[in-house]
Amino acid sequence: MSTVTDATPPQLSHRLTAARLPRWAPAAVAAVSIALGCAIGALGGLKSHLQWGLISALLFLLIGYLASAQVEGRRQAKDRFATSLVWVAFICAVVPLVSLTLYTVQQGIKAININFLTHSMKGVVATTTPDGGIYHAIIGTIEQVLLATLIAAPIGLLTAVYLVEYGRGRLAKAVTFFVDVMTGIPSVVAGLFVLSLWNIALGFEYSGFSGSLALAILMMPVVVRSTEEMLKLVPNELREASYALGVPRWKTILRIVLPTAVGGITTGVMLAVARITGETAPVLMLVFGADFINSDPFNGPQQSLPLYIWQQYSMVNNDYGYTRAWGAALVLIAFVMGLNLIARGIARWRSPKAGH
């Protein structure tokens with residue numbers, strides 16, 4: 001007759017009683033690394049704070065690994081090193097973004113006022129007066145982006161539905177290949193294509209709609225790829241349950257699949273909109289720019305915020321132009337941020353959990 005003992009196996013006992021660094025250890029290592037990095041940078045005569053930060057990051061990885069290896073063992077040290085490396089990479093990605101945003105706000109807030117937002121540059125001598133505004137550029141940007149979205153979003157959505165729900169064989173492979181190719185097309189190439197086909201071959205004039213065609217080409221592959229990934233995340237059980245009830249495939253896609261993925265689809269569309277909103281090369285070639293207000297995107301040159309920023313900043317020794325350029329950049333960032341907030345609100349409102 002065998003007896004059951006409460007003794008703990010030696011391996012498990014060792015694993016449970018192995019030494020561990022305290023929870024505050026990463027914060028302490030980070031503080032020590034920053035102090036040493038600043039000291040090394042100051043004593044070494046390094047003027048750039050970016051160099052100080054890189055030295056601190058390397059010291060954080062090194063000190064954290066050595067401390068963990070000494071206390072916890074090499075295996076746990078490797079795990080902590082990988083975690084620390086992820087944090088360092090995250091900080092390296094966030095710091096430039098935050099710095100750029102803060103600097104844009106600092107420089108652009110000087111130009112923001114009612115006159116700047118409600119007037120155009122018509123009759124304004126840009127190099128000698130701080131007058132003038134971006135009203136005409138705001139109108140042009142909104143109309144051009146809206147037209148590009150109305151063109152690209154339905155085509156991209158239908159293409160993604162075809163690839164996920166119906167696509168089989170050579171045609172689907174060819175569509176996937178061309179979508180991948182279009183993803184890497186430079187904006188200037190899209191602008192040249194529309195210029196040669198729409199303006200030169202067909203004889204249409206420079207207009208906001210011409211620029212919207214090029215922006216739609218840039219936007220379409222982003223919409224296709226993001227929508228395709230969101231549709232793939234919809235569980236097949238939902239489709240199979242709908243088919244079992246006798247619901248046709250097209251109605252299943254319309255009533256089950258798309259509402260389930262609407263949050264991700266909306267976010268993908270807004271990412272595509274954010275990408276094209278800052279494009280300058282196609283607008284420069286096709287929209288041509290204007291100092292006056294043109295509310296008709298189908299007739300005559302039109303202005304946009306990216307082109308306005310480039311024109312104002314390209315003026316040599318012009319402090320007024322620099323200020324207007326930073327102000328327009330701040331408005332452009334706010335415009336893109338507002339679109340993303342609206343998209344998140346729509347996605348939350350139309351999500352299946354909300355009951356709509």
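Which residues does Leu213 touch, not counting residues up to four places away in sequence? Three of them: Ile151, Val194 and Trp198. Contact here means heavy atoms within 4.5 Å. Leu213 sits in helix α9, residues 208–232. Its C-alpha atom is 15 Å from that of Gly300, 87 residues apart along the chain.

Some ground rules. This is a predicted model, with local features needing pLDDT of at least 70 and side-chain atom pairs counting only at pLDDT 80 or more, while totals for chains, interfaces and linings use all residues. Residues are numbered from 1 along each chain as its sequence is written, and side-chain values use heavy atoms, with hydrogens and water left out. Helices are DSSP runs of H or I with at least four residues, strands are E runs of at least two, and numbering goes from the N terminus.

Now, empty space. Rolling a probe the size of a water molecule over the atoms shows where empty space is left. We use a 1 Å grid over the protein atoms alone. A cavity is a set of points where a 1.4 Å probe fits but cannot get out. A pocket is an open set with protein on both sides within 12 Å along at least five of seven lines. Lining residues have an atom within 4 Å of a point. Grid points are joined across faces, edges and corners, and a volume is the space filled by probe spheres set on the points.

The largest pocket first. Its volume is about 530 Å³. The lining has 18 residues, and Gly53, Leu54, Ser56, Ala57 and Ile91 lie nearest the centre. The elements giving two or more residues to that lining are α2 (25–43), α3 (49–71) and α4 (74–108). Which of the elements gives the most? That is α3, with eight residues. By class, the pocket lining has 14 nonpolar, four polar and no charged residues. For the classes, Ala, Val, Leu, Ile, Met, Phe, Trp, Tyr, Cys and Pro count as nonpolar; Asp, Glu, Lys and Arg as charged; the others, Gly among them, as polar.

Next, cavities. The count comes to one cavity of 30 Å³ or more. The largest cavity has a volume of about 50 Å³. Residues lining it include Thr141, Gln144, Val145, Leu215 and Glu279. Both α6 and α11 supply at least two lining residues each, and α6 gives the most, with three. The cavity lining splits into five nonpolar, four polar and one charged residues.

On to helix α14, residues 319–349. The expected span is 1.5 Å times one less than the number of residues. For the 31 residues of α14 that gives 45 Å, and the end C-alpha atoms are 45 Å apart, so the two agree. Buried means under 20% relative accessible area, exposed over 50%, partly exposed in between, with a 1.4 Å probe and protein chains only. The buried residues of α14 include Gly321, Arg324, Leu330 and Ala347. What do the buried residues of α14 pack against? Five helices: α4, α5 (114–118), α6 (135–166), α11 (249–277) and α13 (305–313).

Helix α13 returns the contact. Its buried residues are Leu305, Pro306, Leu307, Tyr308, Ile309 and Gln312. They pack against α5, α6, α11, α12 and α14. Pro306 also lines the largest cavity.

Phe288 lies in the loop between α12 (281–286) and α13. Phe288 has a positive phi of about 80°, although it is not a glycine. With a relative accessible area of 48%, Phe288 is partly exposed.

Cysteines, quickly. A disulfide is a pair of cysteine sulfur atoms within 2.5 Å. The whole structure has zero disulfides. Cys38 is in none; the nearest cysteine sulfur, that of Cys92, is 15 Å away. Cys38 is partly exposed at 30% relative accessibility, and Cys92 is partly exposed at 43%.

Last, two residues of α4. Ala82 is in that helix, and at 40% relative accessibility Ala82 counts as partly exposed. Ser99 and Met230 are 32 Å apart, C-alpha to C-alpha, and 131 residues apart in sequence.
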